[in-house]
Every structure is written in structure tokens, then in C-alpha cells.
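Thanks for coming. I will take a few local features of one model in turn, and then stop.

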Amino acid sequence: MIIDVKVPMLSESVSEGTLLEWKKKVGEAVARDEILIDIETDKVVLEVPSPQAGVLVEIVVQDGETVVADQVLARIDTAATAAAEAPAAAPAEAAPSAAPAAAQNNAAMPAAAKLAAETGVDVNALQGSGRDGRVLKEDVQNAAAKPAAAKPAAAAVPAVALPAGARPEERVPMSRLRARVAERLLASQQENAILTTFNEVNMKPIMDLRAKYKEKFEKEHGVKLGFMSFFVKAAVAALKKYPVVNASVDGKDIVYHGYFDIGIAIGSPRGLVVPILRDADQMSIADIEQAIVDYAKKAKDGKIAIEDLTGGTFSITNGGTFGSMMSTPIINPPQSAILGMHATKERAVVENGQVVVRPMMYLALSYDHRIIDGREAVLTLVAIKDALEDPARLLLDL
């Protein structure tokens, strides 16, 4: 029996996707629920499993093509039992394909294979850092940048020597996620009246608290105690005091949200994603830390679901992870504000008339001035600062 493999249903906000790379070839056996191909949308990567066991007899849509929901991608013969039957029936077609298969690493992404051909890097000798061991463009770039002595003799001399003063370029299409991020950020700047207010926070109280309890915390809850959970709790406390910062604009209406869904910006191999901590006000410190760890793993493995990224009333981004000292984060629509964390650095500050050294961090709150006045924005950031510098406030709801 021949059955169709179709594109799964997409969310209302996603109209189409792009096929990445087939994991099976025509004539190969497939198991039920075995992943056949990934579809990249502007939000997530969807896996397409085989609906039944059998043999892949036809690939209808090739790598890199655009597809829509319910479109037929391939066909499977459920009556066939062995992949070897397909090559046996057509030996003339099997012979020519054997050589290219041996000469090319099937795990190499198209951009990586193209760059490898240009630089003389053997992709078959690389350990891919992408999902399922795929060789990414960055892997080829790193290999090409290694000293010539570390490369195999065959790759020591480039196949084509570039003339002196050459200015090589490479044009590659944006991923759907990158294109969507670009679209949303540009729209945010065009549609929102964005202003940013700054403050600084003494991180010593939080750092001391973390150092005192981190071992007991990890032993008790099975997850490490980080800093982000304190910022989430501090942000929620501030948003309760100034609800307009947790609101959003809908036409000429202001929508006040009676819940606190906090987006946490996380880097992934595909780009920045912002999964949501739903009802963050009802989560414990341990719950928040575990959720962040889970989201980070899902982002790394390409397992983030559309539902994980939908909604959100306020966001937090941590540029300090990469060493940023100060920035003006862009609001994630339809939200009206975003908190930016930065690197913690020891600086000289004045306390009680004395100059002392403290671990200080700059905070930035970007807000939509259409509904949030400077007073509410500044007081919100001050409330976050006060909660972090005196964590007992979070316990006493002060």
C-alpha cells in the first residue's frame, strides 16, 4: 500500500516552511515514527515522522523547497520490507549514485558543503557541531582557519589560489528564523515609541546569597542556582506595582494582563529565541531555574515548539553573558517593555560616605512611551534594583 507523507499542520501565525535535509533516500527502509526530514518555519523546526513502516519509494519535494501545511512530501510503500529491493530492481541507476555518495558527507549542510568546496576542506573529516552531527558552515570556517600544518597534506594547498588583494564574498539566504526576527525587530522600532532608561545594581547581596546556598540548592532541587531566577522574581514584583509595564497595545486600547508570562531570551544554533515562563509569579526559584535549563536544552537540540514561544507579557535578555556592558534592548511586540541585563564588573562606588569596591551591573529598561510614561518606567527599574539589592523584599512582598 502506498501512503503519503505530508507537512504537519502549522500554527495560525505560520503559513509556510522550508525543507532542510532528507534523512532517508529513495529505496531505504523506514520505521514507524522515524524522522524523515525537518521543516524550518520562522519560529521553530518541525520534525516530520514516517506515518508507517515501509520503504521510501518517492521524494516529491526536494531539500530547500518551500512547503505549506498538508502538502505531500514523499510516498512510502508499506508492503515493501527491505531497502535492498529498490536498488536490485534498478541496478543501472544505483551505480552512478554510489560514487557521489562516497565522495560527499551527507551530514553537511548546503552552505557548509559549498564553503568546503571553495576552501578545500574535507567535510568527511570534520566532526559536525550541528543537530544529529551535521557539519555546519561554522565547522568548515573553523577548519579552514586552522594552521596549514594541522591540515591533511591534500588540503595544505588550496585548489584555487586567491590573487593578492582579493575581496571574496559569499551570499547565503537568511534562515526563516533570522528573517522573521529581522522583520519583527524592524516593525518594533517603526511601530513603538521606544525609549530606554538605565540604572545600576549592586550584585553583592545576590552573589553572597547564591554562594551561601548554591550547593544545598542543587542538592535539594537537582538544578543549579543561577541569577536569572532572581531577576525574574524581581521583575514580577515590579510589574505588580506598575501594571502598565506588563500591558500591551491593541489598536487604540491598552490591554492590562492579570498574569505574568515572562519571556527569556536564549541563544540557539538557529538564532535568538524567547521561550515563555508562564505564570512566573506562581513559580518558585527552583521552578524557574529548571524551566530555563529545559528551554536551553530544547533550543540547542532544535526542539523548541511554537507553543513555547507564543505569548509573553514582558521579556528579559542577558547581554552580559557575552560581555556586554550596556545596550538598549528592542521590545518584543506586542509587549511594551523589556529588561536588559549586562556584565557584572567590580567598580568603585560610594556607600555611607566611603569608597568601596562592589560587583556592579548596568540595567536597561526599554519601554513603549505610547502607554508607559517615564515615571512608571523609572520606578519599575528602581523597584527591580531594590529587590535585587535586598532579596528579603521578595520574600516579604515589599
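I start with an open sheet of four strands, in the order 1-8-6-3, where the pairing is antiparallel. Strand 1 (2–6) and strand 3 (29–30) are the edge strands; each has a single partner strand, so one side of each has no neighbour in the sheet.

Before going on, the ground rules. This is a predicted model, in which local features need pLDDT of at least 70 and side-chain atom pairs count only at pLDDT 80 or more, while totals for chains, interfaces and linings use all residues. Residues are numbered from 1 along each chain as its sequence is written, and side-chain values use heavy atoms, with hydrogens and water left out.

Helices (H or I, at least four residues) and strands (E, at least two) are DSSP runs, numbered from the N terminus. Two strands pair if DSSP finds at least two bridges between them.

Now across the sheet, in its order. Strand 1 is joined to strand 8 (residues 72–77) by five bridges, and the two run antiparallel. Isoleucine 2 is placed opposite aspartate 77 of strand 8. Strand 8 also pairs with strand 6, again in the antiparallel sense, over four bridges. Here valine 55 has aspartate 77 in strand 8 as its bridge partner. Strand 6 (residues 54–59) is in turn joined to strand 3 by two bridges, antiparallel. Valine 30 has glycine 54 in strand 6 as its bridge partner.

Next, the helices. Two packed helices are described by the angle between their axes and the distance between the axes. How do helix 8 and helix 9 cross? The axes of helix 8 (residues 228–241) and helix 9 (residues 285–300) come within 9 Å and cross at roughly 120°. Axes here are lines fitted to C-alpha atoms, for helices over the stretch in contact, and angles run from 0 to 180 degrees between N-to-C directions. Helix 8 and helix 9 are therefore oblique to each other; under 35 degrees counts as roughly parallel, over 145 as roughly antiparallel, 65 to 115 as roughly perpendicular, and the rest as oblique. On the helix 8 side, the contact is made by Met228, Ser229, Phe230, Val232 and Lys233, and on the helix 9 side by Ile285, Ile288, Glu289 and Ile292. Contact means heavy atoms within 4.5 Å.

Now the backbone. Most residues other than glycine have a negative phi, and most peptide bonds are trans. Aspartate 70 has a positive phi of about 70° although it is not a glycine. Aspartate 70 sits in the loop between strand 7 (66–67) and strand 8. With a relative accessible area of 45%, aspartate 70 is partly exposed; buried means under 20%, exposed over 50%, and partly exposed in between (1.4 Å probe, protein chains only).

Asparagine 352 also has a positive phi, near 55°. Asparagine 352 is in the loop between strand 18 (344–351) and strand 19 (354–368), and counts as exposed at 80% relative accessibility.

Leaving aside neighbours within four places in sequence, the contacts of arginine 358 include Asn202, Lys204 and Glu346.

Last, the peptide bond joining proline 333 and proline 334 is cis, with omega about 5°. Proline 334 lies in the loop between strand 16 (314–318) and strand 17 (337–341).
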